[in-house]
Amino acid sequence: MVRVYGNIEKLDMLFHRSGPNAGQPRGFAFVTYKLRQDAIKAMSSLNGQLLGNKRICVKFAKNASEDQEKPKPELGIPALTAGKPELKLSKKTAIQTIEAKLKLLENMKAGDDFVINKLAANEAPVITQYQLKQQQSNKTNSSFKRRHPYHRKR
């Protein structure tokens, strides 16, 4: 099919390596002609033709190195930039920020950095509170018992 348009230097057909379609063709191939004119002639005549019950698309392949050379757009969303700050701080601003943090640390008393929630320290754990509520509600509703769990009430 592609041989009639010129001398072929290389033909690569790709197949599935794993999964349910292992060994089946992936649906595309790469053909390298010795002459560029032959490739253009094949592309113009084969593009859009029916092969079996499908129309084929023939175009020039892109080199992977071309895609890598393009500058990538900068992401302005901090979550997508791995926590990089959006704006670069000047040295003067960075020093002022550090000095302000040091003043805050100097004014702190011993033990201020670790504060236990006093309300939670005096209460029972949340799971225990939940279990107690469940036990109390079971005692009040104990008059109704289902014989069959998937049947409706009668």
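Reader: Does K59 count as buried or exposed?
Author: The relative accessibility of K59 is 65%, to be set against cut-offs of under 20% for buried, over 50% for exposed and partly exposed in between (1.4 Å probe, protein chains only). This is a predicted model, in which local features need pLDDT of at least 70, side-chain atom pairs count only at pLDDT 80 or more, and totals for chains, interfaces and linings use all residues. Residues are numbered from 1 along each chain as its sequence is written, and side-chain values use heavy atoms, without hydrogens and water. At 65%, then, K59 counts as exposed.

Reader: Where in the chain is K59 found?
Author: Helices (H or I, at least four residues) and strands (E, at least two) are DSSP runs numbered from the N terminus. On that numbering, K59 is found in the loop between β4 (54-55) and α2 (64-69).

Reader: Which element gives the most to the lining of the largest pocket?
Author: A pocket here is an open set of points on a 1 Å grid over the protein atoms alone, where a 1.4 Å probe fits, with protein on both sides within 12 Å along at least five of seven lines; lining residues have an atom within 4 Å of a point. The largest pocket is lined by 28 residues, with A29, F30, V31, V58 and K59 lying nearest its centre. Elements giving two or more residues to this lining are β1 (8-15), β2 (25-33) and α1 (36-46). With 8 residues, the one that gives the most is β2.

Reader: How many residues in the lining of the largest pocket are nonpolar?
Author: Ala, Val, Leu, Ile, Met, Phe, Trp, Tyr, Cys and Pro count as nonpolar, Asp, Glu, Lys and Arg as charged, and the others, Gly among them, as polar. The lining has 2 polar and 5 charged residues, and its nonpolar residues number 21.

Reader: How far apart in space are K59 and A42?
Author: Leaving aside neighbours within four places in sequence, A42 is in contact (heavy atoms within 4.5 Å) with Y5, Y33 and N47. K59 and A42 are 17 residues apart in sequence, and their C-alpha to C-alpha distance is 9.6 Å.
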